[in-house]
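Hi everyone, thanks for coming. Please have a look at the structure on the screen, and I'll walk you through it step by step.

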Amino acid sequence: MLQSRTQWLRLAAASRWSHRSIHTSSLGRGRGIGLMGGGRRGGVVILIRGFCSRAQRTVEALADGLGPEANPNASGANEILRPGDVPDFPVLTAVGVNRRPVIPGTIYPVVVTNRELIEHVQSLVNSGSPYLGTFLRQSEVEVKETDKGTKNQKQDGIPAFDTIDRGIMSLDEIYTIGTLTQIHNIFPIRGGISLVLQGHRRLTAQSLVVSDGVSKVKVQHYRGKRSKKTGDGPDVLEAYANEILTTIKEILKFNPLFKEQLDYLIANVDVNLNPGRLADTASGLTGATSTELQEILEAFDIQERVNKALYLLKKELQASKLQREISQKVEEKVNENHRKFLLQEQLKNIKRELGLEKDGKNVLSTKFKQQLDGKDVPEEVMKTIEEELERLSSLEESSSEFSVTRNYLDWLTGLPWGLSSNENFDISRAQKILDRDHYGMEDVKNRILEFIAVGKLLGQVPQGKIVCLVGPPGVGKTSIGKSIAEALNREFFRFSVGGLSDVAEIKGHRRTYVGSMPGKLIQCLKKTQVSNPVVMIDEIDKMGTGYRGDPSSALLEVLDPSQNASFMDHYLDVPIDLSRVLFICTANMTDTIPGPLADRMEFIPLSGYIMQEKVEIAKQYLSPAALKETGLTDKDVQLSEASIEQLVRWYCREAGVRNLQKHINQIYRKAALHLVQASEQGDKSKDSKDVISQTYNYVSSLFSPDGAEKINSETSVPEVKVEEKEEDKEEKKLKRPIMVTEENLGDYVGKPIFTSDKLYDHTPVGVVMGLAFNQLGGATLYIEATVVDEHEDSSRSGLHTTGQLGDVMKESAQIAYTVAKRTLRSHDRKNNFFSKNSIHMHVPEGATPKDGPSAGITMVTALLSLATGKQVRKDLAMTGEITLTGRVLPIGGVREKTIAARRELATTLIFPKANEKDFEELPHLVKEGLKPHFVENFEQVYKIAFESED
């Protein structure tokens with residue numbers, strides 16, 4: 001038998017490395033146990049799970065060590081005794097295994113690394129008593145079969161066997177039911193020794209003594225006997241045994257490894273005389289866990305043992321079936337894919353032979369060359385394309401470089417080299433298009449018409465003009481770009497750079513990166529297929545910076561007329577002419593645009609709209625668009641001009657018209673709901689009348705003289721009165737068109753957001769209305785001043801400011817305080833108000849940050865109003881920066897501030913003298929009804945503000 005086992009191990013090692021048909025490592029992880037019959041003595045060896053090898057040399061060394069010649073001095077270790085021939089040792093050396101219990105009748109290899117135990121085992125073998133008590137440790141009992149291939153694996157060629165690296169210190173560490181095992185052989189390996197153990201019979205540990213690191217255990221041996229329980233006769237056990245063999249035969253259909261085990265059982269185990277041995281052997285063939293095998297070991301009752309073994313075999317059968325199903329599905333899929341691949345290859349060869357299809361590389365080369373037909377490709381670019389085409393022909397289609405080169409050529413040949421759209425220089429046509437799509441915006445329209453006029457004189461559109469539209473949200477900056485492209489008969493492309501922090505979005509990625517692609521500008525040219533599109537760069541004031549570079553710096557090359565004629569994209573790496581592209585940028589404010597970038601642009605301000613402009617925009621653009629979106633017409637809903645004015649005044653005071661558009665859409669949606677509900681209610685009422693009429697006819701027919709004939713046609717149906725709910729009556733009263741007026745506007749858009757035009761109906765003492773400018777347009781800004789404390793000591797007086805003011809505005813407040821004291825002294829020397837009072841100055845809407853110097857004269861006026869006790873004019877609003885000497889300096893945002901003043905019904909305005917030209921350039925509609933005053937110093941402001949009191 002030992003010679004047979006040696007031959008099997010040699011065969012397994014050789015097969016693993018040569019044919020790979022038998023993988024020795026799979027014996028420890030796969031299902032089923034490898035078994036080899038034959039040999040010179042006709043013996044057979046059962047190898048249980050865990051017997052695997054990590055290297056051929058280790059398996060061969062183990063195989064060589066199993067023969068009698070490996071250890072001639074240990075003759076007792078090499079003699080295999082029958083279980084009945086082994087004496088009942090009362091005390092045995094105890095060892096603990098980690099992975100599986102040793103089942104009687106099976107062979108189990110282990111590696112011992114504990115030095116004391118190694119010396120003791122060698123002494124046992126040399127003394128001719130190579131027997132151990134083997135027990136399963138409880139700490140490792142939950143180790144699954146799936147973990148056996150990886151747990152306790154050693155390096156340098158040591159097999160991944162069960163490792164015994166420590167002794168047993170207490171019976172609590174182990175299961176007390178174990179196995180008497182015989183050491184068949186022992187041979188040294190690196191780091192310890194390797195033992196081959198054979199289980200003989202069950203035993204029970206009763207007590208444990210530890211001496212010099214070696215554990216001795218007092219045991220009680222168990223020699224299996226047939227159970228004497230009721231109903232446990234030979235017929236029952238024979239039936240169990242036959243079912244076990246039948247189950248193994250079923251498993252054999254799915255797992256061929258069981259064939260030799262089955263032959264062994266039939267040839268060597270008498271299932272009728274020794275059913276317990278059959279249960280032990282069969283359970284060792286399964287992929288059971290350590291816990292389940294321990295239960296088999298602890299089953300002294302034979303019927304219980306065969307029952308548990310049969311259960312494990314059934315589980316193995318189900319697992320084998322599932323494994324076969326999975327394997328079949330995978331094989332079917334692989335075979336199907338392989339079949340498709342072969343058929344496709346054959347089809348390609350057939351088409352190639354018939355001349356119906358050319359080689360893939362030739363097809364690609366032809367395609368790229370066709371894409372260049374009719375294009376004026378620069379010489380440098382053409383040279384690059386030819387080099388890449390030559391490179392493509394030398395690459396394998398399956399290589400990664402092939403796909404990279406193909407994509408690169410696709411981008412290069414797909415660009416519109418020398419292609420451009422025919423531009424239209426008709427001024428009147430452009431004027432109609434711009435007026436059709438947008439109301440007002442005279443500055444922008446005039447600038448575009450100038451651009452077209454110059455192009456008509458030159459014969460081509462002037463190059464190097466970068467227009468930047470600056471204004472609050474909702475004023476039409478983005479939409480005007482489409483109209484400009486249509487007026488010029490050019491293609492339009494828009495991309496936003498708001499929040500952009502990657503330079504690659506502008507300049508493209510290097511081709512060395514996976515998934516690299518050109519930047520947005522190259523994508524624009526390929527999409528529009530012209531070299532002179534209108535490109536709108538949206539939100540240019542909101543670009544970010546990060547670790548991937550600064551996109552605003554990358555835009556310098558794009559927007560510089562002297563550089564963009566040879567723009568270099570990182571992906572294409574060839575010069576691209578962007579000089580014919582008309583760039584239009586949009587921004588809410590210019591403060592955040594970098595200086596070098598702003599220097600390349602021509603800014604055109606787009607201010608907010610006044611009420612009259614918003615009403616016209618709503619009538620001409622917003623309302624028709626909302627009717628179309630909701631599926632309504634003028635015959636269904638009508639929005640009066642008065643209701644639009646109320647909507648602008650009390651709901652939509654922002655600079656743009658985006659919020660106004662939302663409210664108009666809301667009105668039409670609710671009107672559509674009312675119309676649909678009224679229509680459905682009318683259909684229901686009609687259906688109810690029909691049902692009542694049919695019911696009456698049926699009941700009348702039942703009470704006719706013959707009981708079956710129908711009612712006489714002359715009989716009239718009595719009118720049935722049905723009470724209607726008030727809601728139904730209201731629905732029936734709904735008539736078309738629905739009129740939305742000032743009275744019912746709240747039913748559609750809710751309560752007004754703003755309740756009055758001014759924060760104060762009558763401006764109190766110490767309060768003055770100022771004018772401010774922000775990225776949302778113009779706004780009014782009230783300055784409030786009041787006395788906090790009165791002091792006799794002038795050193796305790798001072799000014800305290802609140803309202804989330806910025807540093808510049810705080811400095812303006814201190815300057816205003818100084819100017820106010822000086823002005824008060826010049827007008828009334830006896831007035832010591834500022835020296836005897838602590839003053840608190842506040843700017844309302846404290847949650848909104850505020851900054852800037854333009855509130856200087858407003859602050860001085862508020863302080864003087866508080867000091868003199870005089871109210872300023874109620875229709876007064878002012879703006880201007882103040883100096884210590886009382887000079888009034890110019891400010892920005894005159895149009896926005898004027899619109900804000902009109903919105904608040906302020907008709908008397910004070911501006912710096914230097915801004916008079918800006919005011920005069922405003923449209924007549926904005927200036928109408930206003931009384932502007934232009935001042936150079938604060939004395940003039942003082943006379944205007946307190947004019948009614950002087």
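A word on the ground rules. This is a predicted model, so local features need pLDDT of at least 70 and side-chain atom pairs count only at pLDDT 80 or more, while totals for chains, interfaces and linings use all residues. Residues are numbered from 1 along each chain as its sequence is written, and side-chain values use heavy atoms, with hydrogens and water left out.

So, the overall view. The protein chain holds 32 helices and 27 strands; these are DSSP runs numbered from the N terminus, with at least four residues of H or I for a helix and at least two of E for a strand. Of its 950 residues, 47% are buried. Here buried means under 20% relative accessible area, exposed means over 50%, and partly exposed is in between, with a 1.4 Å probe and protein chains only. The accessible surface comes to about 47700 Å², and 49% of that belongs to carbon and sulfur atoms. Those areas come from the Shrake-Rupley method with a 1.4 Å probe, and for residues only the protein chains shown count as cover. Now contacts, meaning heavy atoms within 4.5 Å: among those between residues at least 6 apart in sequence, 77% join residues at least 24 apart.

Next, the sheet. In what order do the strands of this open sheet run? The 5 strands go β11-β12-β15-β10-β16, and the pairing is parallel. Two strands pair if DSSP finds at least two bridges between them. The edges are β11 and β16 (602-605), each pairing on one side only. Direction ignored, neighbouring strands are turned by 20° against each other on average. Between β11 and β12 (residues 534-538) there are 5 bridges, and Phe492 stands opposite Val534 in β12.

Helices pack on this sheet too. Helix α15 (residues 442-458) touches β10 (466-470), β15 (582-587) and β16, and its direction makes about 140° with that of β16. Helix α16 touches β10, β11, β12 and β15, and its direction makes about 175° with that of β12. For these angles, axes are lines fitted to C-alpha atoms, for helices over the stretch in contact, and angles run from 0 to 180 degrees between N-to-C directions. Asn489 has a phi near 60°, a positive value in a residue other than glycine.

Let's go inside. Gly777 lies in strand β20 (residues 777-790) and is buried, with a relative accessible area of 0%. How far from Gly777 is Glu896 in space? Their C-alpha atoms are 5.6 Å apart, although 119 residues separate them in sequence. Not counting residues up to four places away in sequence, Gly777 also touches Pro472, Ala655 and Ala772. Another buried residue is Thr898, at 0% relative accessibility, in helix α29 (residues 894-903). Beyond its neighbours within four places in sequence, the contacts of Thr898 include Leu909, Phe911 and Phe919.

On to salt bridges: a side-chain nitrogen of Lys or Arg within 4 Å of a carboxyl oxygen of Asp or Glu. By this rule there are 29. One of them joins Arg202 and Asp280, at 2.6 Å from N to O. This pair links distant parts of the chain, with Arg202 in strand β8 (residues 192-211) and Asp280 in helix α8 (residues 275-284), 78 residues apart. Arg202 is buried at 4%, and Asp280 is buried at 3%.

Lys619 and Glu616 make another bridge, at 3.9 Å. They are separated by about one helical turn, because they sit 3 residues apart in helix α21 (residues 611-630). Lys619 is partly exposed at 35%. Shared partners also join Arg202, Asp280 and Arg305 into one network of salt bridges.

Last stop, the surface. Leu322, Ile326, Val330 and Val334 form a nonpolar patch, with about 350 Å² of accessible area together. Patches are made of residues with over 30% relative accessible area and no salt bridge, where like charges are joined within 9 Å and nonpolar side chains (Val, Leu, Ile, Met, Phe, Trp, Tyr) within 5 Å. Ile326 sits in helix α10 (residues 302-354) and is partly exposed, at 46% relative accessibility.
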